[in-house]
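Student: I'd like to learn how to read a structure like this one. Can we go through it feature by feature?

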Amino acid sequence: RVGGMYIIRNKKGTYFLADTSVNINPDVNQLVDIIGLSARAVRFFDFEPKIAVLSYSNFGSQKGEIPTKAAEAVKLAKEKWPDLIIDGEMQANVALNSELLDKAFPFSTLVGEKVNTLVFPDLSSANIAYNLLMEIGGNEAIGPILMGMKKPVHILQNGSSVRDIFNIAAIAAVDAQSKKMIKPK
């Protein structure tokens with residue numbers, strides 16, 4: 001599986017958004033793979049992933065394909081990686097507002113945590129979100145960073161600034177160095 005991630009930095013902190021550029025409408029198992037790729041990528045950047053899988057529903061408050069897919073992916077991800085700090089399906093405002101999350105959903109595994117990783121249920125919602133964040137301003141966006149590639153390959157968008165090119169080149173260089181240090185068995 002391959003996925004794309006943007007890093008969004010602003011005065012509130014650093015956030016990782018996935019999958020922003022590759023998988024159009026992942027199924028449950030593909031979404032689980034994206035969760036795993038995201039966790040690994042966030043750790044690569046020396047953060048502990050605290051993952052919210054997003055939807056238009058909060059823990060079953062609405063029915064539909066997206067909430068069902070997101071909830072099932074969270075369930076499978078928790079089984080596959082029991083130490084992963086993850087929950088969902090949930091709306092973005094609930095994921096990012098710890099007071100709201102703690103009060104309305106005290107059963108969530110994200111209570112008391114500051115979510116830093118947002119996994120979107122499809123490319124449309126992820127792409128809309130990161131483009132809104134970039135255009136509204138006050139955010140630095142780094143990416144897209146490709147996850148799951150065998151080689152350190154990353155891409156740039158049309159119209160990338162010098163800073164964008166520098167950031168991706170730096171990530172690719174560190175990615176290449178870390179892959180060289182891993183010795184094949």
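Student: Let's start with Met5: which residues does Met5 touch, leaving out those up to four places away in sequence?
Tutor: Contact here means heavy atoms within 4.5 Å. By that rule Met5 touches Phe16, Leu17, Ala18, Thr20, Ser38, Ala41, Val42, Ile142, Gly143, Pro144, Ile145 and Met147, not counting residues up to four places away in sequence. Keep in mind that this is a predicted model, where local features need pLDDT of at least 70, side-chain atom pairs count only at pLDDT 80 or more, and totals for chains, interfaces and linings use all residues. Residues are numbered from 1 along each chain as its sequence is written, and side-chain values use heavy atoms, with hydrogens and water left out.

Student: How many residues are in the largest nonpolar core?
Tutor: A nonpolar core is a set of buried Ala, Val, Leu, Ile, Met, Phe, Trp, Tyr and Cys residues joined through side-chain atoms within 4.5 Å. Buried means under 20% relative accessible area, exposed means over 50%, and partly exposed is in between (1.4 Å probe, protein chains only). The largest core here has 26 residues, and Met5, Ile35, Ile51, Val53, Ile86 and Val119 have the most contacts inside it.

Student: Which element gives the largest share of this core?
Tutor: Helices (H or I, at least four residues) and strands (E, at least two) are DSSP runs, numbered from the N terminus. The largest share, 8 residues, comes from α1. There is also a second, separate core of 20 residues, including Met90, Phe105, Leu118 and Tyr130.

Student: What pattern do the elements follow along the sequence?
Tutor: Count them up and you get 6 helices and 6 strands. In sequence order they run β-β-α-β-α-β-α-α-β-α-β-α.

Student: Back to Thr20: is Thr20 buried or exposed?
Tutor: Thr20 lies in the loop between β2 and α1, and it counts as buried because its relative accessibility is 0%. Its contacts include Met5, Leu123 and Tyr130.

Student: Where are the cis peptide bonds, and what should I compare them with?
Tutor: Most residues other than glycine have a negative phi, and most peptide bonds are trans. Here a cis bond joins Ala18 and Asp19, with omega about -15°; Asp19 is in the loop between β2 and α1. Another cis bond joins Gly143 and Pro144, with omega about 5°, and Pro144 sits in strand β6.

Student: What about phi: what is the value for Asp46?
Tutor: Asp46 has a phi near 70°, a positive value in a residue other than glycine. Asp46 is in the loop between α1 and β3 and counts as exposed because its relative accessibility is 72%. Phe59 has a positive phi too, about 50°, although it is not a glycine. Phe59 lies in the loop between β3 and α2 and, at 22% relative accessibility, counts as partly exposed.

Student: Which residues does Asn58 touch, again leaving out those up to four places away in sequence?
Tutor: Asn58 touches Glu89, Met90, Gln91, Val94 and Phe105, with residues up to four places away in sequence not counted. Take Glu89: Asn58 and Glu89 are 31 residues apart in sequence but 5.7 Å apart in space, C-alpha to C-alpha. Asn58 is in the loop between β3 and α2, and it counts as buried because its relative accessibility is 10%.
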